[in-house]
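Notes follow in the order I took them.

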Amino acid sequence: MSTLRHSEIAGVGHYVPSRVVTNADLTTLMETTDEWIQERTGIQERRWFEEGKDTTANMGAAAARKALEMAGLTPDDVQMIVFATLSPDYFFPGSGVLLQRELGIKAPIPAFDVRNQCSGFVYALSMADQFVRTGMYDTVLVVGSEIHSSGLDKTTRGRGVSVIFGDGAGAVILRPSTREGHGILSTHLHSQGEFAEELIVKEPGSNREDRVGYVVANELDMYPYMNGQNVFKHAVVRFPQVIKEALDQNGYQPQDLNMLIPHQANLRITQYVQQKMGLSDDKIFSNIQRYGNTTAASVPIALSEALQEGRIQRGDLVCLAAFGSGFTWASALIKW
Ligand code: UT7
């Protein structure tokens, strides 16, 4: 038996840009319909950032301030930052250091970025959990923040991808658990690199003799590519698998779950997972209808809204699960 302490989520917050983009708005940019988007994905609207106002780092900071407030802490209490994003402010340095600056944290605390796309937040949470469990840090800020809208092909050519993704940010504060048997019980991380090119933004890749020259001449390669049907096929297998793995490790059955917060990839994927796990509607959370797929931000935004709506109570068994580009997939089981 492990004698390590557990960590618990002491605060959660989210921020989404104020600009709402409906499916009807998209029909003015490309050949698509509200009916197609809703039928295939469940999405009704998403948020797009405002240039000059929202940045990946400052949206993360806005979410972090709310999480800190809920935890009764200030930015100066943070001892480490883990920032999950696939849309960093810069090619380098990572958005973690920008978040440190944005929050006004003067101490030279560690800050790093995690690049695991839709699974990024659960990966980041797992990493933060290890630092708290070992006793290295007591207060770790974990952020998922994304700006997709600036990098989407908003023409008919890109419609298979661009109608799905949205912008937003979520954050949690991890602290050592003060209640025996409560907190993050376990985390489970997986990847399968043979599918790396199935959901990808290829450029600007470093393997070009002159990558800047290359992207100037081949700008379309900077848009995301997704083999949607193959991603879907793997997602509906990996989600139930990684949720079951977390339950098995802790001696629970699917019916013991009080709330499943899946990465908001597609409402159809979520419904399939719900049915496969035998969960009633009150035990699974969906907000993709309003935000689209915000990759690394989707799980903490959903967790934050589920808490705000009173759908998670103290003592509940909560599972976070994600699947996406890489392929990567992950889960975390939490006794709230
Ligand atoms: O976050 C984790 C990563 N992402 C996912 O989990 C996404 C997984 N995949 C999916 O959710 C689905 O594959 C999509 C929703 C992306 C696409 O649904 P699909 O049923 O796989 O559609 P498709 O790509 O096979 O396209 C079907 C048709 C095509 O027309 P034809 O060739 O049948 O005439 C597309 O050109 O739908 C067309 N189409 C559209 N039509 C209107 C594709 N995108 C659109 C669009 N509006 N936005």
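**Sheet and helices**

I began with β11 and β12, which run parallel and are joined by four bridges. The model I am reading is a predicted one. I then picked out P262 and looked for its bridge partner in β12, which is A321.

Next I traced the whole sheet. What is the strand order? I read β8-β13-β12-β11, an open sheet of four strands with mixed pairing. I checked the edges. β8 and β11 (259-262) stand there, each with a single partner strand, so one side of each has no neighbour in the sheet. From one strand to the next, the twist averages 10°. As a reminder to myself, strands of a sheet pair through backbone hydrogen bonds, either parallel or antiparallel.

I then asked which strands helix α5 lies across. Helix α5, residues 120-133, lies across β8, β12 and β13. I noted its direction at about 130° to β8. Helix α8, residues 228-249, also packs on the sheet. I listed its contacts as β8, β11, β12 and β13. The direction of α8 makes about 150° with that of β12.

**Aromatic pairs**

How many aromatic pairs does the whole structure hold? My search returned five. I looked at F195 and F327 among them. Their ring centres are 4.9 Å apart and their planes meet at 20°; stacked means under 30 degrees, so I logged the pair as stacked.

I placed both residues in the chain. F195 sits in the loop between β8 (183-191) and β9 (199-200), and F327 in the loop between β12 (317-324) and β13 (328-335). The pair therefore ties together parts that are 132 residues apart in sequence. Buried or exposed, I asked of F195 and F327? Both are buried.

I moved on to F323 and W329. This aromatic pair is tilted, with 6.2 Å centre to centre and 35° between the planes. F323 and W329 are both buried.

**Charges over rings**

Last, I looked for charged side chains over ring faces. Which residue lies over the face of W48? I found K154 there, 4.9 Å from the ring centre. I also recorded R208 over the face of Y214, at 3.8 Å from the ring centre.

Conventions: Residues are numbered from 1 along each chain as its sequence is written. This is a predicted model: local features need pLDDT of at least 70, side-chain atom pairs count only at pLDDT 80 or more; totals for chains, interfaces and linings use all residues. Side-chain values use heavy atoms; hydrogens and water are left out. Rings of Phe, Tyr and Trp (its six-membered ring) pair if their centres lie within 6.5 Å; planes under 30 degrees apart count as stacked, over 60 as edge-to-face and the rest as tilted. Helices (H or I, at least four residues) and strands (E, at least two) are DSSP runs, numbered from the N terminus. Buried means under 20% relative accessible area, exposed over 50%, partly exposed in between (1.4 Å probe, protein chains only). A charge sits over a ring if NZ of Lys or CZ of Arg is within 6 Å of the ring centre and within 35 degrees of the ring normal. Two strands pair if DSSP finds at least two bridges between them. Axes are lines fitted to C-alpha atoms, for helices over the stretch in contact, and angles run from 0 to 180 degrees between N-to-C directions. Contact means heavy atoms within 4.5 Å.
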